Amino acid sequence: MEELITKYLENINPMIIFVAFVILIVGCWIIIKNRKLISELFNDLYNRKKNKEELLQTIKDNQSDIKAIMENRIHDREQSLAIQKELTEAQNKLSESLSNISKKIDDMKRKTDERFMESERKNNKRIRAELKDKISQSYRYYHSLGKINDMELEALEDLIDEYESAEGKNSFVHSVVQKEMYTWEKVSQM
């Protein structure tokens, strides 16, 4: 092996060794001079690699967050649909209740109107009976006399008008009293 090294060293040109040595020294000098720049370059490469790994981890974390958000969105949509269904059912029940209340109010109004009409009918019947009685008393009194004054005739006419307003019709008031009262003798005062 020594022989090989000796043979190799004999073939080496001293100029090549000198140039290689100068290049080595210049290279070391450049490295030492620019060690800050080289250090920053290596730090930058390291930080880029670290940022890339952090970004990949963030993306992985965000994927699970996005998946959770999508699952929550599906859950929220289902919950929203359930709430909307409940609101629709509540609205339908409210509409039905309002409809029932409206029907009951209409029934109550109809029954009240019927009671009022019945009461009015009975009241009119009572009023007609009272008016008929007064007309009958006046008729008997003035018929027996065959005379009447203007004031009493007017009062009897008003009684007959009230009797007709109370739905009085087709009775002796029209067939007997009204026909005869204008035939009685008119006197100034009795």
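Begin by selecting Glu 114 and Arg 110: they sit 4 residues apart in helix α3, so about one helical turn separates them. Helices here are DSSP runs of H or I with at least four residues, strands are runs of E with at least two, and both are numbered from the N terminus. Before moving on, note that this is a predicted model, in which local features need pLDDT of at least 70, side-chain atom pairs count only at pLDDT 80 or more, and totals for chains, interfaces and linings use all residues. Residues are numbered from 1 along each chain as its sequence is written, and side-chain values use heavy atoms, with hydrogens and water left out.

**Stop 1: salt bridges**

Stay with Glu 114 and Arg 110, which form a salt bridge with the closest N and O atoms 3.2 Å apart. The term requires a side-chain nitrogen of Lys or Arg within 4 Å of a carboxyl oxygen of Asp or Glu. Glu 114 is partly exposed at 44% relative accessibility, and Arg 110 is partly exposed at 40%. Here, buried means under 20% relative accessible area, exposed over 50%, and partly exposed in between (1.4 Å probe, protein chains only).

Next, pick Lys 122 and Glu 118, another salt bridge, with a closest N to O distance of 4.0 Å. Both residues belong to helix α3 and are 4 residues apart, about one turn. Lys 122 is exposed at 52%, while Glu 118 is partly exposed at 31%.

Then go to Arg 48 and Asp 44, whose salt bridge brings N and O atoms to 3.5 Å. Arg 48 is exposed at 55%, and Asp 44 is partly exposed at 35%. In total, the structure holds 7 salt bridges.

**Stop 2: aromatic rings**

How many aromatic pairs does the structure hold? There are 3. Select Tyr 141 and Tyr 142: their ring centres are 4.9 Å apart and their planes meet at 80°, so this pair is edge-to-face. Rings of Phe, Tyr and Trp (its six-membered ring) pair if their centres lie within 6.5 Å; planes under 30 degrees apart are stacked, over 60 edge-to-face, and the rest tilted. Tyr 142 is buried at 7%, whereas Tyr 141 is partly exposed at 46%.

Tyr 142 lies in helix α3 and Trp 184 in the loop between α5 and β2, so the pair ties together parts 42 residues apart in sequence. Finish by including Tyr 139: Tyr 139, Tyr 141, Tyr 142 and Trp 184 form one aromatic cluster.
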